[in-house]
Amino acid sequence: MDVTALRIGQGKDVHAFAEGRKLILGGVDIPHEKGLLGHSDADVLAHAVSDALLGGIRGGDIGKLFPDTDPRYAGADSLKLLEAVADLVRQQGYVILDVDSVISAQRPKLSPYRDQMRENLAKAMGIPVENVGVKATTTEWLGFEGREEGISATAVCLLARS
């Protein structure tokens, strides 16, 4: 493979906790006393993955594609937005080879939901679940995640020109 046909993308997203919202991560509704604040469903993991894919095609970020000033995206399902981003990646002539991600949250414990998150993300991107990594970490009580003010996620992807 011609290495100039490979692209790497990186994404990061952060959302604050809010009362009266569901906690959606990787398309999974996770029981918790607070959810994440955002214009859409605030799925910080799906947003980070979307931004990684957009970075790989040099396409900006999800705020450019789905602005929070547009009422069409109020409460939007972030997996549907990820599907649209994956379609754009393919339209630009790339194949999604691999995606890896990390969620940073002090609570709740996320390992019981990891496999379902991987499956949801893989389905949204149209790639095998074996090509999607999801990890979770605490910040040992440091930073805004450690103070339980919110959750962040980072993601990387590897694309190839098709």
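Predicted model: local features only at pLDDT ≥ 70, side-chain atom pairs only at ≥ 80, totals over all residues.
**Exercise 1. The surroundings of Phe17**

Determine whether Phe17 is buried or exposed, and list the residues that Phe17 touches.

*Solution.* 
Step 1. Phe17 lies in strand E1.
Step 2. The relative accessible area of Phe17 is 13%; buried means under 20%, so Phe17 is buried.
Step 3. Not counting residues up to four places away in sequence, Phe17 touches Leu23, His32, Lys34, Gly35, Leu36, Arg107, Glu148, Glu149, Gly150 and Ile151.
Step 4. Phe17 and Leu37 are 20 residues apart in sequence, while their C-alpha atoms are 5.8 Å apart in space.

**Exercise 2. Two salt bridges**

Describe the salt bridge of Glu19 with Lys34 and that of Asp87 with Arg90, and state where the partners lie.

*Solution.* 
Step 1. The closest N and O atoms of Glu19 and Lys34 are 3.9 Å apart.
Step 2. Glu19 lies in the loop between E1 and E2, and Lys34 in the loop between E3 and strand E4 (35-36), so this pair ties together parts that are 15 residues apart in sequence.
Step 3. Glu19 is exposed, at 60% relative accessible area, whereas Lys34 is partly exposed, at 28%.
Step 4. For Asp87 and Arg90, the closest N and O atoms are 2.8 Å apart. Both residues lie in helix H3, 3 residues apart, about one turn of the helix.
Step 5. Asp87 is partly exposed, with a relative accessible area of 37%, and Arg90 is also partly exposed, at 37%.

**Exercise 3. The largest pocket**

What volume does the largest pocket have, and how do the residues of its lining divide?

*Solution.* 
Step 1. The volume of the largest pocket is about 190 Å³.
Step 2. Its lining has 13 residues, with Ser40, His47, Ile62, Phe66 and Asp68 nearest the centre.
Step 3. Strand E1 (6-18) and helix H2 (62-65) are the elements that give two or more residues to this lining.
Step 4. The lining divides into 5 nonpolar, 6 polar and 2 charged residues.

Note on methods:
Residues numbered from 1 in each chain as written. Heavy atoms only, no water. 1 Å grid on protein atoms, 1.4 Å probe; cavity = no way out; pocket = protein on both sides within 12 Å on 5 of 7 lines; lining within 4 Å. Points joined across faces, edges and corners; volume = space filled by probe spheres on them. Helix = DSSP H or I, 4+ residues; strand = E, 2+ residues; numbered from the N terminus. Nonpolar A, V, L, I, M, F, W, Y, C, P; charged D, E, K, R; others polar. Buried < 20%, exposed > 50% of the residue type's maximum accessible area, 1.4 Å probe, protein only. Contact = heavy atoms within 4.5 Å. Salt bridge = Lys/Arg side-chain N within 4 Å of Asp/Glu carboxyl O.
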